[in-house]
Each structure stands twice: as structure tokens, then as C-alpha cells.
Amino acid sequence: MSNNLLAGKKGIIFGALDDKSIATKVAERCVAEGAQIVLTNAPVAMRFGEIQKLGEQLNAPVIPADATSLEDLEKLVQDSMKALNGKIDFVLHSIGMSLNVRKKREYTDLNYDWMQKTFDISAISFHKVMQTLWKMDAMSDWGSILALTYIAAQRTFPDYNEMAESKALLESFARSFGYHFGERNKVRVNTISQSPTKTTAGSGVKGFDEFFDYADKMSPLGNAPADACADYCVLLFSDFTRMVTMQNLYHDGGFSNMGMSPKILDM
Ligand SMILES: NC(=O)c1ccc[n+]([C@@H]2O[C@H](COP(=O)([O-])OP(=O)(O)OC[C@H]3O[C@@H](n4cnc5c(N)ncnc54)[C@H](O)[C@@H]3O)[C@@H](O)[C@H]2O)c1
């Protein structure tokens with residue numbers, strides 16, 4: 001079902017890797033709602049070929065960019081404005097990767113070089129994206145910028161490791177840059193705090209499957225699937241949320257406000 005909520009809008013979507021990626025669902029929904037988009041991901045992600053297939057399906061140019069490289073980001077923004085024939089109305093940052101998680105280092109034995117890299121990829125890249133858009137004056141007035149986050153920024157989930165601090169930093173960048181973009185361009189900046197979702201990044205966390213089931217039982221509506229996250233992103237890119245900014249918005253079936261669920265006691 002389409003309501004043409006994004007008719008005439010132009011966007012850049014970071015982070016579609018395969019058909020499970022949350023960004024893939026968002027890209028599909030945005031185009032179904034009438035938007036024109038550019039897809040981007042790290043050059044290494046191009047090797048898997050799935051993003052090119054998605055680009056063909058959605059009639060969207062695919063422009064490689066390492067989100068930690070200012071040079072890549074400048075070229076991406078320039079090429080996107082050329083391809084879309086104008087300024088950008090919405091941006092999705094859907095990027096996360098932890099070297100310590102990948103290499104199974106415990107939180108009490110972290111490698112700090114890897115931690116810096118994790119912060120650069122998963123959080124500082126969000127500032128870099130926004131600073132590039134800002135300096136190039138690439139956002140349309142009343143545009144919308146979103147990043148995806150997780151509740152481990154507020155509460156302790158031990159297996160989420162250093163990604164907890166990454167997400168805390170990411171959410172803080174949304175508030176701080178949201179001030180500047182709001183004052184200058186009426187552009188809003190928010191984060192969506194999504195339920196555990198079965199994707200490549202999600203499944204990399206230790207004990208993910210068990211935790212997925214726990215969160216599903218703990219949430220009165222169950223875990224929010226990636227499709228529903230895509231619907232929420234569309235709403236936040238649309239003109240129906242023009243005055244929402246600098247917020248961390250939970251999209252989690254109610255998980256964040258639960259204390260205990262009888263379903264868990266029954267387990
Ligand atoms: N899956 C979950 O349980 C869950 C829950 C809450 C929030 N999130 C967040 O959602 C976002 C998307 O993750 P996903 O679950 O769809 O997994 P995913 O693995 O499909 O997406 C992560 C993306 O980050 C990209 N990426 C990594 N390094 C990059 C770089 N240097 N430059 C550009 N792109 C780079 C990857 O290529 C990939 O496309 C992440 O921010 C993640 O933390 C995921």
C-alpha cells in the first residue's frame with residue numbers, strides 16, 4: 001500500500017547490504033512512497049553484489065563511500081545531488097560495526113585501537129555525514145536526517161559490548177547537530193531505537209537468538225520487524241513529522257517501558 005508520502009522527495013540511504021538489512025527495507029518503502037533515492041555503502045560491500053541488484057530494482061544509482069572518509073562523503077554528496085537533480089530531503093544512516101564484537105573480545109579486555117575504529121564507523125561517521133551535508137549546503141529546508149540506534153545506549157546489555165558507547169555517542173550527535181541544522185535549515189535530526197532484528201550486524205552479537213526471543217516476550221507488541229521500522233522511517237522523512245527533532249524515538253513494541261513480563265517468568 002502506498003500513500004505517496006514522499007512524492008517529489010530525494011534521499012540518500014546508507015547501509016543496505018543484503019535483503020535482511022534494515023536499510024534495504026527502508027529503501028524499498030521510500031521508493032514505493034514516491035521518493036527518488038541514491039544507495040550507498042562501503043566499497044567492500046559492493047563485492048557481494050546485492051546492493052547493485054537493489055539499485056536496479058529501485059532505479060537508484062549506487063555510489064560507493066566509506067562513511068569514515070570525508071573525501072568519499074564529499075564525492076557522494078556531490079554525485080547524489082547531480083543524480084537526483086537537486087538538494088537532499090532525507091538521509092538514513094544505517095551503519096554499525098564493532099571490531100571487538102567481531103573478534104569476540106570481552107568488554108573487560110577491549111582492544112582500544114579497535115574501539116576507536118568502532119566509534120569511527122558506527123558513530124563519528126554520522127557526524128561526518130552531517131558535517132559534509134552542512135558544509136556543502138546540501139540539505140533542503142525542512143529536510144530530515146535519521147540514524148538507527150539501540151537501547152543499550154541507556155541500559156546495560158552486557159553482550160552489546162562497546163557498541164553501547166557507540167550508540168550513546170551517535171544519539172548525542174543527533175541532538176547536538178539537530179540544534180545547528182534546525183536553526184539554519186529547519187532540518188530535523190533524530191535517532192530510531194529499534195528492536196533486535198535478524199540482520200548481519202544484529203546476528204554478530206553474542207547470544208543474539210536467545211536475546212531476540214527474550215525481547216520478543218518482554219514487548220507487549222513483540223519485537224518490531226524491519227518492515228515496520230521502514231514504515232516509521234518513511235513517516236519521519238515525510239512532512240507529517242516536521243516539528244520532531246533532536247529525539248531518540250523507541251520503535252520496540254513497548255520493550256523500553258517494561259519492567260517484567262509474566263511471559264518471561266513462565267520461561
Ligand atoms: N539488527 C539489530 O538488531 C539492530 C537493532 C537496533 C539498531 N540496529 C542498527 O541498525 C543499523 C543497520 O544495521 P542492520 O541490522 O541492518 O545490519 P547490516 O549489517 O545489514 O547493516 C550494517 C551496514 O553498515 C555498513 N557499513 C559498515 N562499515 C561501513 C563503512 N565504513 N562505511 C559505510 N557503511 C558501512 C555495512 O556494509 C552494512 O550495510 C546499524 O546502525 C545497527 O546498529 C540494528
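# Exercises on a predicted model

F212 is found in helix 8 (residues 208-218); helices (H or I, at least four residues) and strands (E, at least two) are DSSP runs, numbered from the N terminus. This is a predicted model, in which local features need pLDDT of at least 70 and side-chain atom pairs count only at pLDDT 80 or more, while totals for chains, interfaces and linings use all residues. Residues are numbered from 1 along each chain as its sequence is written.

## Exercise 1

Solution. Step 1: a residue is buried if 20 or more other C-beta atoms lie within 10 Å of its own, exposed if 12 or fewer, and partly exposed in between, with C-beta atoms placed from the backbone. Step 4: for a distance across the model, take L58, which is 154 residues from F212 along the chain; their C-alpha atoms are separated by 31 Å.

## Exercise 2

Task: find the buried side of helix 2 (residues 50-58) and what packs against it.

Solution. Step 1: the buried residues of helix 2 are I51, L54 and L58. Step 2: these residues lie on the same side of helix 2 because they cover an arc of only 60 degrees around the axis, the arc being that of the directions from the helix axis to the C-beta atoms. An α-helix has 3.6 residues a turn, so residues three or four places apart point the same way. Step 3: the exposed residues Q52 and E56 are on the face of helix 2 turned away from its buried side. Step 4: helix 1 and strand 2 are what the buried residues of helix 2 pack against. Step 5: just after helix 2, N59 has a positive phi of about 55 degrees.

## Exercise 3

Task: describe the sheet, then the helices that lie on it.

Solution. Step 1: the sheet is open, has 6 strands in the order 2-1-3-4-5-6, and its pairing is parallel; two strands pair if DSSP finds at least two bridges between them. Step 2: strand 2 (36-40) and strand 6 (248-251) are the edge strands, each pairing on one side only. Step 3: from one strand to the next, the twist averages 20 degrees. Angles run from 0 to 180 degrees between N-to-C directions, and axes are lines fitted to C-alpha atoms, for helices over the stretch in contact. Step 4: helix 3 (residues 70-84) packs on the sheet, touching strand 1 (10-14), strand 2 and strand 3 (88-93), and its direction makes about 150 degrees with that of strand 2. Step 5: helix 6 (residues 163-185) lies across strand 4, strand 5 and strand 6, at about 155 degrees to strand 5.

## Exercise 4

Conventions
Two residues are in contact if their C-beta atoms, placed from the backbone, lie within 7 Å.
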